[in-house]
Amino acid sequence: MVSSLQGFDKRDKNDSARCGCKAMIRLHRSDDDGWFVETNRPDHNHLLSDNCGEKMQWNSHKKIDQATKDTVCYLRENNVSLSKVHCILGSMHKSGDRLPFTKKSLRTICQQIAFDQKDDDIKKTIDLFRSMRSTDPDFAFRFDLDPEGRIKNLIWTSRRSRRQYTCFGDVVVFDTSYTTNLYKMPFGLFVGVNNHFQTVIYAGILMSEETIEGFNWAYKEFVSLMGGKAPLTMLTNQCRAMEVAIGMTLPGTVHRWCKWHVFRKAKEELGGIFSKKTGFKDAFNNVVNEMLTIDEFEKAWGRLIEDFGLVENSFMIRAFEARHKWAKPYFKDKYCARMTSTHRVESANHMLKTYVPRNSSMNKFVSQCNKLLKDRNEAEDSEEHKNKQCNRKERGGWPIEKHARRIYTRAVMKHFKAELERGQNFNPPKELEARSLYELEHSYAHLRPSWARTTFRVRVEEGERFQCDCGFFGHFGIMCGHVIRLMIHLGLNQIPDFHIMKRWTKSVRDILGPNVEGPSDTEVSLPKSFRHNIMYVSALELVKMGDLAESRYRIVMKHITAAKKELRQDDTPVAPLYYSSGGEDEGDARRSHSRTTQLEGLADSGAMTSDGVTIKEPLVKRGRGRPKVTRFKSFLDAGGKKKAKKDKRDASDRPEGLSQQTTFCKRCRKPGHNSSTCTVFPDGRTDTADHVPESLPKKPCRQNKCRKCGGPGHNSATCTAGFEDQDASLEEDA
């Protein structure tokens, strides 16, 4: 046994710990299988470790046993940070000081785990999808490859997610704001809300570029995975590429912007006007949230910008131009399940951060996303159990309230009861037209703010259809307080069938039938390769039996012909579960010029398609943060920092479906031109000539001042003030 510092390091290194220490112990075996010390050199030629902390830094304390490695692996798989792993292992050893290894050794193990996960990433991802398919027969994923065979886009969904979309897929929220993966690919989530007001995840997608082509592929494949049923309404951020793609791929879907994204830069753009002292914030919120009709909204907006001098403010002008995408009057008749923002995607991304570590590989990312999906499904199952088993007993109440409690879930019932209490603040309805038009007035109209609406009219059609001015039912799917107040006044004991939206009821999942959850024990889904082998062997047996006699040949051909005829008549849709869909219109200028390969399936094993194309991982993007891509951003999303070359886009080059927005000059903040054609000089003067000056005068540079004499035009190193005084004194002496 020798010292760790024995010998010398022959490598050319400036810093080496080896110093030729000759301390050693030599042991020999004795004849009776024992040991004895033959040589002992106890003297070291270097300083020794004084405490346990220094002793832990030697190489002899860097080894970690296999059981501890497995524990570290399990903790890292659940996104436990390195510091927390170190603390947990210290608690297992009663104290962090008793750990037989250092934190640096633990970091090395974690790096090795991460390296093993990234090695052969695509093959592990495909194998993970195969295992998910074996446990979930309705699991599906689709990918898009570039000409080199690298994955451009990848989308996947599960059986339960597709079932949830069948029930609650009328409104979908989509956003791509999560890029925590090794390849820096934006991750998007298609989410919605169930009948318990819980967030449900329909599908996840990894995209290489946020372009019109990429979003067209994403929306097309999403609708295809969900059985061809497009959502009624889709909420997104202000990405212009999304706006164009939805218009091209989902023409029947109503597209709305997230209201939070529209006004998230209001404070930054408006400055001190947005403070509480000016009163603008309250007036602004009233206009945005309380105006019910288009005429009321436009008049209130006009008064707002006039009162606060914001008529020429660029932010307010752009927001008003896009009002049909976010304003409440335009949402009133569009069903949105009471969602006006993408906060459900943001909250899902926030939850995903607790599962997915930074710079995770693709297979790790998909695996951790499945844990998030399992967590959301568990929350839904818990709420379903409470609705079925926990019956809340309440005394009293209107008959219509008892009927609502029988059909609605607990979460929806809270909203219904809130509207019922809100309706009690109105006086008994006044009948304006016999059994067709009623007016309700607030009981405390004189105490309401001047901007608040105090009267609402409700029209009754066919005795069971109630239409209120507030448009609450069309937006939410639950009756407003005004309609409930009128129904109680008319003596209705039950909610009419027209006003019962099944997606909010307890029996919403009954429409899918009893066998939706999956095949029974006798109906086991077989893998494709296994089915192929069985059919191949059976066909060979038929050929062998048909060769024995002509009569047997005729029997075999008779049944083969009947089987072919039956298979041709079978119209069961068989969509490929693993394929890359290419662009149908490859000649479009906005589409990628690269030809996309159309694939039919995967090979039985490995990261390879059935026709021999090797699937490769995407290239790792080294840039920090969100990938820099060519996307049509709105001014609201970009904060007015749009490049001049995009402002020069002709109307003929504008993609179809892209709304036009006013451009503003960065110098004078006036609309209709940019800084290169601005006629305002830096000193505030304007060019009165008819022509635009070729170049504007530059602002004069600040002149340097000398620190010695304070004179301009030079500095202390070139100052001659001291030398002139010396020359004058020498002349006087002479």
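Visitor: Is Arg-509 buried or exposed?

Guide: Let's start with the idea behind the words. A residue is called buried when its relative accessible area is under 20%. In this predicted model, Arg-509 has 12% relative accessibility, so it counts as buried.

Visitor: What does Arg-509 form a salt bridge with?

Guide: To read a salt bridge, look for a side-chain nitrogen of Lys or Arg within 4 Å of a carboxyl oxygen of Asp or Glu. Here the partner of Arg-509 is Glu-384, and their closest N and O atoms are 2.8 Å apart. Because Arg-509 sits in the loop between α20 (481-490) and α21 (528-546) while Glu-384 belongs to helix α16 (residues 362-389), the pair ties together parts that are 125 residues apart in sequence. Glu-384 is buried too, with a relative accessible area of 13%.

Visitor: Which residues are linked with Arg-509 and Glu-384 in a network of salt bridges?

Guide: The network links Arg-160, Glu-380 and Asp-381 with Glu-384 and Arg-509.

Visitor: How many salt bridges does the count come to?

Guide: The count comes to 26. Let me show you two others. Arg-457 pairs with Glu-439, with their closest N and O atoms 3.5 Å apart. Arg-457 lies in strand β12 (residues 455-461) and Glu-439 in strand β11 (residues 437-441), so this bridge ties together parts that are 18 residues apart in sequence. At 40% relative accessibility, Arg-457 counts as partly exposed.

Visitor: And the other example?

Guide: That one joins the side chains of Asp-375 and Arg-376, at 3.9 Å from N to O.

Visitor: Let's go to the surface. Which residues form the nonpolar patch there?

Guide: For a patch like this, pick out nonpolar side chains with over 30% relative accessible area and join those within 5 Å. In this protein, Met-1, Ile-25, Leu-27, Trp-35 and Val-37 form such a patch, with about 530 Å² of accessible area together. The elements giving two or more residues to the patch are β1 (24-29) and β2 (35-41). Met-1 has its place in the segment before β1, and at 66% relative accessibility Met-1 counts as exposed.

Visitor: What does Val-37 touch?

Guide: A contact means heavy atoms within 4.5 Å. Leaving out residues up to four places away in sequence, Val-37 touches Ile-25, Arg-26 and Leu-27. Val-37 is part of strand β2. Follow the chain from Val-37 to Ile-25 and you cover 12 residues, yet their C-alpha atoms are 7.1 Å apart in space.

Visitor: Which residues form the negative surface patch?

Guide: Asp and Glu count as negative, and the patch here is made of Asp-116, Asp-119, Asp-120 and Glu-617. Asp-116 belongs to helix α4 (residues 103-118). With a relative accessible area of 37%, Asp-116 is partly exposed.

Visitor: Now to a helix. Which residues of helix α11 are buried?

Guide: Helix α11 covers residues 280-290, and its buried residues are Phe-280, Phe-284, Asn-286, Val-287 and Val-288. To see what hides them, look at the neighbouring elements in contact. The cover includes α9 (259-263), α10 (266-270), α12 (294-307), α13 (314-321) and α14 (328-331).

Visitor: Which residue has a positive phi of about 55° although it is not a glycine?

Guide: That is Ala-337. You will find Ala-337 in the loop between α14 and α15 (343-353), and Ala-337 is buried, with a relative accessible area of 2%. Phe-197 is another non-glycine residue with a positive phi, of about 60°. Phe-197 lies in the loop between β6 (187-193) and β7 (199-207).

Visitor: Let's finish with the whole protein. How many helices and strands are there?

Guide: There are 25 helices and 13 strands. Of the 734 residues, 41% are buried. The protein exposes about 43,500 Å², and carbon and sulfur atoms supply 50% of that area. Take the contacts between residues at least 6 apart in sequence: 60% of them join residues at least 24 apart.

Conventions
Residues numbered from 1 in each chain as written. Predicted model: local features only at pLDDT ≥ 70, side-chain atom pairs only at ≥ 80, totals over all residues. Heavy atoms only, no water. Patch = residues over 30% accessible without salt bridge, like charges linked within 9 Å, V, L, I, M, F, W, Y side chains within 5 Å. Areas by Shrake-Rupley, 256 points an atom, 1.4 Å probe, with all protein chains shown as cover. Charge placed at Lys NZ, Arg CZ, Asp CG, Glu CD. Helix = DSSP H or I, 4+ residues; strand = E, 2+ residues; numbered from the N terminus. Buried < 20%, exposed > 50% of the residue type's maximum accessible area, 1.4 Å probe, protein only.
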